[in-house]
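Thanks for coming, everyone. I have one structure to walk you through today, so let me put it on the screen and then we can go through the parts I picked out.

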Amino acid sequence: MSEILKLENVSYVYSKGTPFEKVALNNVSVAFERGKITGLIGHTGSGKSTLVNLLNGLYKPTEGRVLLDGEDIWAKPKEIAKVRYRVGLVMQYPEYQLFDETVRSDIGFGPRNRGLSREEIDVRIKEAARFVGITDEMLDKSPFDLSGGQKRRVAIAGIVAMGPDVLVLDEPAAGLDPKGRREILGGLRRYVEEKNITIILVSHSMEDMALYCDNVVVMNRAEVFRTGTVREIFSESGVLASVGLDVPGISGIAAELISRGIPLEGELYTVEGVKDAILRYIRGGAR
Amino acid sequence: MISDITLGQFFPGYSPLHKLDPRTKIILAVLSIVAIFFANNAVSFALLTLAAVVMIAISRISFKVILRGIRPIIIILLFTAVLNILMTDGKGTPLVEFWIISIYTEGIVRAVFMALRVVLLIVITSMLLTYTTSPISLTDGLESLLSPLKVIRVPVHTFAMMMSIALRFIPTLIEETEKIMNAQKSRGADFSSGGLIKRAKALIPILIPLIVSSFKRAEELATAMECRCYRGDKNRTKLVKLQFKGRDIVWFLAIAAITAGIILLSILPYKFVSPGIIYDIAFFKI
C-alpha cells in the first residue's frame, strides 16, 4: 500500500504548563493510503479534530512527525503554507469562513493566495463548483444570501479549488438533511475517482462511513484504536461498541440474523450488501 | 496561539483568595490602585510588591501563569522605561553624558518605579479580580456595590448583565477568532508577512466572518433570553447571596492599612534629617 500521509509517534498537548493542560493525542502512528477515502471515527473528544489540524500543519506536534510523501512537513517551518495547499482542510461547520462579496471570489480565495493565473483560477472555480453542486447563477450571489447547505458547499468548493492532493474533511455533512449529505459525499466520491486524490473523512455517521469510505481509522481516548478496511472494522461490532461506537444499523440487523442461525456472507455494512446476502441465502436455501 | 493569553482569564480554585466576597475584592482592587498611584518611594513599592507576592502565594496560581500575563506588555514597559530614563532631568551631575543624552539617577529610579507600577497594577488587579473571581460573581459584586444608584434610576442590573455577557463572550470570541484564522490559513492566507497595508488587508477574511457571527450570536442570545422570560431584575432572586465574612474584614483592614501608609508616606513632608545611606535608598522620592 502506498501511503501519502503518515503520522509517526505523534503526541499533542493543549495549554502545556497551565492548569488546563490536556493530552489530545498520545503517541499516535497512523498512515493514510493514496487514492482512497479513509474514514476517521471516534466519539466526541477522542482526538479526531486535533489529528485533522495536525495533518496540514495548523498545529505542530508536541512530539513526533507528520510525513507527507515521506517528508516531514515541519522540516522547513517557513514553507508550511505549501503543505496547506497540498493538504486541503475543510473544518467543522466551514460556512463561517465565507467572507467575500461573491461566491465566485470566495471560492477563488485559496487559488489566489496560491498565486495561480487568472485563467487557471477561473477554471478551478468552475470545476470545484461543479463537484459540490453549485450552479452558475449562484456564483455571482453574495455568500451571505445562500442557505446553510449552500454555504457549506461553497466553503468546501473553496478548498477543492486549491487543487489539493489530500482533501481532509471534518464532519462535512454535519447538520445537513439526507439529500444534502448524499449530494456532498457522493460528489466527493466522484471527485476521488476522477482526480485520483486522497480523502480523509471525519464523521459520526457509521452509515456514511460504510457507504463512502474504503478504510477506517477508529480513535479512542487520544489514541488510534483500530485501523482497517470498512469490512474489517464493521464486522467486529462488539469491539466498536466497547469504545462507545455503533456499527451501521443494517450491520446490527445482519448480526442478529446470523445469531439466529441464518449464515449471511458478504458486505454486511450497507443496505445493498445485506440485501444481496439475504437474496443469496434465500436462493441458496431454495436450491 | 491566541488562547495562551491569560490576561483576563479566570482560574478556578478554592484558595482563600477565591473564597473572598467579590465586593471585597472589588473594593480591595480600587484601594490597591489608589495605593499604587500614590507610591513614590522604595518602601512603598516594597510593601506593594510584598502584598502582590503574598496574594500570589495564597491563590496557588502558578508563577509561570502570572509571568505569561505580563509578557504581552513587556514592550510597553521597556518603551516607558527608556523614555523615563532619557527625559528626566535631575538635580545632581548626570551619570552619563553623551551627545544630547544625559542620564540622571532620578531618571533611572523613575523608570524602575514606573515599570514596577505597571506590573503591580496588572498583577494585583488580575490576582484580585480576573484570576480568582469568576465573571459571574464579579458582576454580582459590582451590581451589589452599585445598587444604591438604583435610587436615581440608573439601570444597574442591566449594566451588570451587559458586563457579564461581554465577559462571558471573551473566551468564545477568542476561540472563534482562532477557528476562523485557522480556516483561512488552511486556504493559504498569510497574516505574518508583508507591509502594513498588506497585513491590514489580510485581516478582512477574519473580521468579516467574526462580525457576521457576532451579530448572529447576539440575536440568538436575545431570543433565548426572551424564551426563558428574562425581564431584568424585577422580583429576581439570587442563587448565591453575597455575605461578608470574617476573612473579608481581615483582608480589608490589611489592604486599607497598606494604602493609608503609602498615602501618608507620599504626602507627608519628611521632617527628620537624612540619617545616611539607608534612609536615602528607602525614602528616595520622585
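This is a predicted model: local features need pLDDT of at least 70, side-chain atom pairs count only at pLDDT 80 or more; totals for chains, interfaces and linings use all residues.

**The sheet in chain A**

Let me start with a pair of strands: strand 9 of chain A, residues 215–220, runs antiparallel to strand 10 of chain A, and six bridges join the two.

Now zoom out a bit. What is the order of the strands in the open sheet of chain A? Reading across, the six strands go 6-7-8-3-9-10, and the pairing is mixed. The edges are strand 6 (87–90) and strand 10 (223–229) of chain A, each of which pairs on one side only. From one strand to the next, the twist averages 15 degrees.

Strand 6 of chain A and strand 7 of chain A pair in the parallel sense, over four bridges. Gly88(A) has Leu167(A) in strand 7 of chain A as its bridge partner.

Tyr93(A) isn't a glycine, yet it has a positive phi of about 40 degrees. You'll find Tyr93(A) in the loop between strand 6 and helix 3 (103–107) of chain A. With 18 other C-beta atoms within 10 Å, Tyr93(A) comes out as partly exposed.

**Two domains in chain A**

Next, the domains. Chain A is split into domain 1, residues 3–233, and domain 2, residues 248–287. Their C-alpha centres lie 34 Å apart. The contact between them takes six residues from domain 1 of chain A and four residues from domain 2 of chain A.

Which helices supply the domain 1 side? Helix 8 (206–212) and helix 9 (230–234) of chain A each give at least two residues there. Helix 8 of chain A contributes the most, with four residues. By class, the domain 1 side that touches domain 2 of chain A has four nonpolar residues, no polar ones and two charged ones.

**Over to chain B**

Chain B has 12 helices and two strands. From the N terminus on, you walk through α-α-α-α-α-β-β-α-α-α-α-α-α-α. Of its 286 residues, 22% count as buried. If you take the contacts in chain B with a separation of 6 or more, residues 24 or more positions apart account for 77% of them.

Here's a helix pair I like. Helix 2 of chain B (residues 22–38) and helix 7 of chain B (residues 135–146) pack at an angle of about 75 degrees, with their axes 8 Å apart. The two are therefore roughly perpendicular to each other.

Who meets whom? From helix 2 of chain B you have Pro22(B), Arg23(B), Lys25(B) and Ile26(B), and they meet residues of helix 7 of chain B including Leu138(B), Asp140(B), Leu142(B) and Leu145(B). The residues of that contact divide into five nonpolar, three polar and three charged.

Chain B has its own positive phi, too. Arg153(B), which is not a glycine, has phi near 60 degrees. Arg153(B) lies in the loop between helix 7 and helix 8 of chain B. Is Arg153(B) buried or exposed? Exposed, with 7 other C-beta atoms within 10 Å.

**Where the chains meet**

Last stop. The contact takes 19 residues from chain B and 24 residues from chain A. On the chain B side, helix 4 (63–70), helix 8 (156–186) and helix 10 (204–227) are the elements giving two or more residues. That side has 10 nonpolar, five polar and four charged residues.

That's my tour; happy to take questions.

Terms used:
Residues are numbered from 1 along each chain as its sequence is written. Chains are lettered from A and ligands numbered from 1 in the order in which they are written. Domain bounds come from an automatic or database domain assignment. Two residues are in contact if their C-beta atoms, placed from the backbone, lie within 7 Å. Ala, Val, Leu, Ile, Met, Phe, Trp, Tyr, Cys and Pro count as nonpolar, Asp, Glu, Lys and Arg as charged, and the others, Gly among them, as polar. Axes are lines fitted to C-alpha atoms, for helices over the stretch in contact, and angles run from 0 to 180 degrees between N-to-C directions. Angles under 35 degrees count as roughly parallel, over 145 as roughly antiparallel, 65 to 115 as roughly perpendicular and the rest as oblique. Two strands pair if DSSP finds at least two bridges between them. A residue is buried if 20 or more other C-beta atoms lie within 10 Å of its own, exposed if 12 or fewer, and partly exposed in between; C-beta atoms are placed from the backbone.
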